[in-house]
Amino acid sequence: MDYVIEMLNIRKEFPGIVANDNINIQLKKGEIHALLGENGAGKSTLMNVLFGLYQPEKGQIRVKGETVKITNPNIANDLGIGMVHQHFMLVEPFTVTQNIILGNEPKTKTGRINIKKAEQEIQELSDRYGLKVDPSAKIKDISVGMQQRVEILKTLYRGAEVLIFDEPTAVLTPQEITELMEIMRSLIKEGKSIILITHKLKEIMEVCDRCTVIRKGKGIGTVDVKNTNVNELASLMVGREVSFETEKKPAQPKDVVLSVKDLKVKDARKVDSVKELNLEVRAGEIVGIAGIDGNGQTELIEAITGLTKSQSGKIMLNNKDITNKTPRKVTESGVGHIPQDRHKYGLVLDYTVGENIVLQTYYQKPYSKNTILNHKEIYQKAEELIEQFDVRTPSAYTPARALSGGNQQKAIIAREVDRSPDLLIAAQPTRGLDVGAIEFIHKKLIEERDKGKAVLLISFELDEILDVSDRIAVMFDGKIVSSVKPEDTNEQELGLLMAGSQTTKAGDSK
Amino acid sequence: MTSNNKLFALIIPVISVFLGLLAGAIIMLLSGYNPIEGYSALWRGAFGDAFTIGETIRRTTPLILTGLAVAFAFRSGLFNIGAEGQVIVGWLAAVWVGLAIEAPMIIHLPLAVLAGALAGGLWGFVPGLLKAKLGVHEVIITIMMNYIALYISNEIIRSVLTDHATKTDQIASSASLASEWLQGLTYYSRIHYGFLIAIFAAVIMWFLIQRTTIGYELKAVGFNQHASKYSGMNVSKNIIISMVIAGGFAGLAGAMEGLGTYGNIHLMSGFTNLGFDGIAVALLGANNAFGVVLAALLFGVLKEGAGEMPTGAGVPTELVDIIIALIIFFVASSYIIRWALLRFKKEGK
Amino acid sequence: MRNRKFILFALLLTIGLVLAACGGGDNNENANNNNNDASGDNGNNEETTDFSAAMVTDIGGVDDKSFNQSAWEGLKAWGEDNGLSQGNGFDYAQSDAPEDYVPNITRLVRDNYDLIFGIGFELKEDIQDAAEKNENTYFGLVDDLVDSPNAVSITFKEHQGSFLVGVAAALKTETNKLGFVGGVDSPLINKFEAGFIAGAKSVNPDITVNVQYAESFGDSSKGKMIAADMYNNDIDVIYHASGGTGNGVFNEARDLKNAEPDRAIWVIGVDRDQHEEGEIGDHNVTLTSMVKRVDVAVQDVTKRAQDGDFPGGEQLEYGLEENGIAVATTNEEAMTDDIISAVEEWKEKILNGDVEVPSTRDELKAFEEAL
């Protein structure tokens with residue numbers, strides 16, 4: 001059998017941890033091979049070894065049967081290995097062509113950069129793989145999905161035979177994801193091979209041929225996608241049975257907890273981004289806000305939580321006005337907030353887990369008295385919550401930075417839920433997390449609902465919205481354009497509503 | 001990992017000091033001086049007898065305080081270049097109170113010390129306010145405030161405190177930190193009780209930072225302003241508090257000079273450099289209260305001992321300055337190395 | 001990684017050892033001062049070779065091209081006359097900051113120097129203190145007054161010299177605009193200012209003098225800035241009394257002269273003959289210098305102390321009469337005979353009391369009103 005890439009018995013250590021322990025992965029020519037694992041399982045480390053960024057302590061890498069030593073990314077490039085990074089490495093004010101040829105510029109006889117020739121080549125490549133990229137467009141003017149295609153083109157332009165995609169769908173809209181799948185298929189048709197790093201099982205089922213699973217740094221095995229299903233993959237990845245159907249009883253909405261009336265908010269650039277928005281969330285229900293990123297969701301949450309001033313309108317919590325109150329006042333009046341960007345807002349990464357647990361309550365008894373902190377109480381609480389919410393950390397004294405994304409998020413949720421707020425706002429609570437953590441977080445949200453709390457969920461993942469919400473409010477251009485029940489709708493319809501097209505249901509914003 | 005980091009923070013300054021001394025030795029050797037003689041003269045100059053020990057402690061005292069001033073602000077993510085100006089106004093205010101008021105020592109001395117701290121605090125408040133409310137970078141403002149302090153205090157000495165003289169009268173003995181007993185012990189060195197205040201200030205800083213909600217907020221703001229705002233802290237207030245306390249430390253350093261070392265204030269023909277040395281002290285002390293005390297002591301020893309090197313071993317003072325600069329250089333570059341190492345670690349995750 | 005650290009450490013250790021070995025070699029050529037401890041009796045000067053003298057500079061340093069340097073030259077001249085060498089009979093201690101004065105003085109006292117000079121008024125209190133605490137050591141203070149039986153004050157009539165260079169400047173200027181750059185605004189420097197203005201206005205009352213203080217004796221960039229501003233505003237002669245700050249004034253003048261060799265701009269130096277500072281190509285921008293013979297005074301006092309005639313408790317004031325003040329005439333091209341003879345004329349008037357040169361701003365005011 002022909003393998004283009006073989007990584008055999010790879011072992012990579014970092015001080016204190018073994019990131020990869022005896023992992024094997026063999027990539028056949030012309031296949032899409034998924035590399036599946038939870039966050040922190042060692043997928044990125046393995047691929048960085050292949051790309052020459054790390055040197056393995058043990059193991060062998062073979063390219064087309066020949067043993068090679070890849071000591072830096074240039075060697076990887078020469079061997080025809082290209083990487084499409086999760087975070088794009090593009091110069092914004094440059095054009096597509098300029099970005100692609102950067103560091104590898106074709107010269108004319110007089111030594112000037114031959115842009116014309118490069119543009120032509122890129123156009124040809126783009127046409128051949130159906131990428132539809134305009135070589136002369138500037139990066140800052142094109143969409144995220146398009147930027148990703150530029151990254152793909154960059155690897156192709158440098159003659160990559162094997163493309164590594166690192167979590168490529170994390171930043172894309174549902175429509176863009178579908179298009180990416182098409183592109184991958186056409187790459188395969190042209191004889192390329194692909195390694196797809198992901199933890200999204202649906203994508204694997206849809207597009208991949210085989211799948212290698214790693215768990216906690218160890219290789220679990222490789223399966224044919226044809227012969228498996230989502231449940232099996234999930235249990236391979238997590239190491240136990242995972243349920244996908246979020247089990248929940250029907251909601252029993254009671255009194256209105258949050259009521260937003262005619263809210264207007266400007267964003268950081270002073271542009272109206274929330275425009276006379278109306279919204280109600282009742283005790284005992286989860287309201288999911290569906291929408292494409294950038295339609296005012298962030299500003300809505302910031303206005304409710306006091307992080308941004310609103311221009312006009314009213315925000316009431318339990319019939320009390322909390323419009324333009326400080327974040328502390330809002331928190332104290334009973335709002336919990338799982339922020340969208342956990343590194344920026346949710347945690348002080350250099351603080352210990354314990355210190356992060358009391359981020360909003362440090363000034364209250366028993367955590368401090370007369371401004372003097374009581375470390376004993378703080379860490380006692382932290383340990384209690386670590387236990388209760390299954391936060392995997394060496395200790396409560398470990399800096400939050402050292403935790404995996406899922407465990408950081410669990411710590412935040414533990415903190416927010418433990419305060420028992422009447423309204424829990426969860427913004428993108430599962431972004432970048434693996435199935436195990438997602439399952440846990442969804443369960444916690446529903447538990448809160450069942451306790452009679454109001455939950456406001458903001459997510460760009462339609463799956464999540466459809467799965468968890470009791471009511472879906474579709475947000476477009478700063479307004480709630482539609483309100484539907486999850487059982488009465490589907491992804492296609494939501495996708496259209498989110499894109500702003502009017503349907504018969506539109507206009508009902510209550 | 002935390003214990004590893006702590007060890008790291010301890011070892012790196014020690015190694016850099018060692019490297020600095022080593023490089024200094026090589027330079028001495030290359031320029032034809034005997035490094036062993038040079039360093040033994042340095043040692044004699046700092047610890048040779050009671051007088052030099054007294055002077056070393058005296059020299060260390062204000063450096064501890066300016067080191068704290070820089071380190072404290074740094075803990076909340078602010079770079080206090082203004083310790084220099086805060087020292088000058090603290091000095092001026094302390095001497096002013098020492099001259100203008102008649103009161104028993106038990107009131108007069110604390111009042112004068114407090115005046116120094118308050119003046120320094122005020123000098124920290126202005127950049128803190130501008131940073132918090134208008135987002136003006138504190139480095140620019142504090143540098144400017146240094147000049148304002150220098151020229152204003154010179155003018156006040158000339159026109160208000162004296163009639164166009166170069167220095168003020170000596171302060172009343174009821175406001176003096178000087179101690180005949182200590183001076184007698186140390187062959188009339190200028191050692192004074194201020195070192196107790198400096199040590200106490202270090203303990204205060206440690207307590208504030210580690211044990212109180214104020215320190216908790218200040219550090220949080222230093223690490224991550226967004227998360228601090230999210231969690232309900234008043235970021236502006238914390239920036240101002242941090243600069244005021246930092247300025248207060250530096251103001252105390254000025255009070256030490258005014259009430260202890262000199263007993264007056266003289267026209268300054270340039271900066272005292274206490275504030276600028278404080279930056280290096282804070283860097284070497286890893287912005288930790290205890291580390292600052294040790295770093296200040298090292299600087300005190302180097303600077304005091306340096307005086308003996310020209311007369312004692314024929315090594316020119318310029319060379320001594322080079323050695324001190326080299327130590328700072330190695331500390332600074334070790335900071336870069338440590339930063340790089342930590343980054344490397346993080347990415348390895 | 002741990003390995004690498006270890007290797008580095010080992011390497012450092014080795015280098016350290018090698019250095020230590022090298023250092024051991026020339027240990028015999030030991031530093032000297034500690035050996036003199038036997039000659040413990042201070043102030044006794046039966047034998048000339050036994051007498052030792054040293055000085056503490058102010059923050060200008062010994063190479064300030066100004067009065068520290070001048071004092072050191074005087075001390076060195078005395079030492080060489082008596083067959084002594086630096087570190088062995090005479091020495092200096094340099095101060096980088098005001099806080100260094102006391103340790104430096106104390107160090108010299110304890111190294112058993114018989115006579116210790118403090119150079120500059122900044123050392124006034126510290127010399128006063130030291131004199132009171134060390135009765136058996138002689139002290140001298142340059143530029144200010146001390147009051148102690150074992151200390152002598154050496155001051156200069158700088159206003160007289162400044163008056164004469166003011167005369168020279170007034171005769172040289174084409175724009176009738178002069179500049180004065182002072183170090184720190186203080187009574188001492190005000191003496192220079194008052195004398196200079198009085199001298200210039202005595203020649204031509206219409207002359208204006210722009211007075212600027214740099215607030216520093218060591219900030220040459222500030223000096224350059226002030227000079228640039230003055231030259232820009234038609235001022236063609238600048239008199240500086242600002243120590244190291246004045247280097248900036250010279251620097252600016254040389255730069256301008258270099259760019260426009262025909263432009264007539266001048267600097268008047270201070271303390272020493274600053275002729276060298278003005279050299280640029282074939283030109284020299286130093287018109288003259290108000291020379292303060294600190295070297296003469298230091299050498300004189302040291303000699304007297306050595307001969308058992310230390311003027312303890314006295315306040316020596318060196319002026320034109322005592323040859324403690326002079327006007328440099330090194331730049332022959334610029335200092336024309338006319339100017340020199342005018343200067344001599346006014347010098348006579350001062351010496352015979354016809355002119356009372358003002359030494360403060362108040363006296364200057366009275367002087368101007370009387371013109």
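**View 1. Ala53(C) and its bridge partner.** In strand E4 of chain C, Ala53(C) has Leu115(C) as its bridge partner. Strand E1 (residues 53-56) and strand E4 (residues 115-119) of chain C run parallel and are joined by four bridges. Strands here are DSSP runs of E with at least two residues, helices are runs of H or I with at least four, and both are numbered from the N terminus. This is a predicted model, in which local features need pLDDT of at least 70 and side-chain atom pairs pLDDT 80 or more, while totals for chains, interfaces and linings use all residues. Residues are numbered from 1 along each chain as its sequence is written, and chains are lettered from A and ligands numbered from 1 in the order in which they are written.

**View 2. The open sheet of chain C.** Follow the seven strands in the order E2-E3-E1-E4-E5-E6-E14, with parallel pairing (two strands pair if DSSP finds at least two bridges between them). At the edges, strand E2 (85-86) and strand E14 (315-318) of chain C each pair on one side only.

**View 3. Helix H4 on the sheet.** Helix H4 (residues 124-133) of chain C packs on the sheet, touching E4, E5 (138-142) and E6 (151-156) of chain C. Contact means C-beta atoms, placed from the backbone, within 7 Å. The direction of H4 makes about 165 degrees with that of E5(C) (axes are lines fitted to C-alpha atoms, for helices over the stretch in contact, with angles from 0 to 180 degrees between N-to-C directions).

**View 4. Where chains A and B meet.** Chain A gives 25 residues to this contact and chain B gives 17 residues.

Technical notes:
Two residues are in contact if their C-beta atoms, placed from the backbone, lie within 7 Å.
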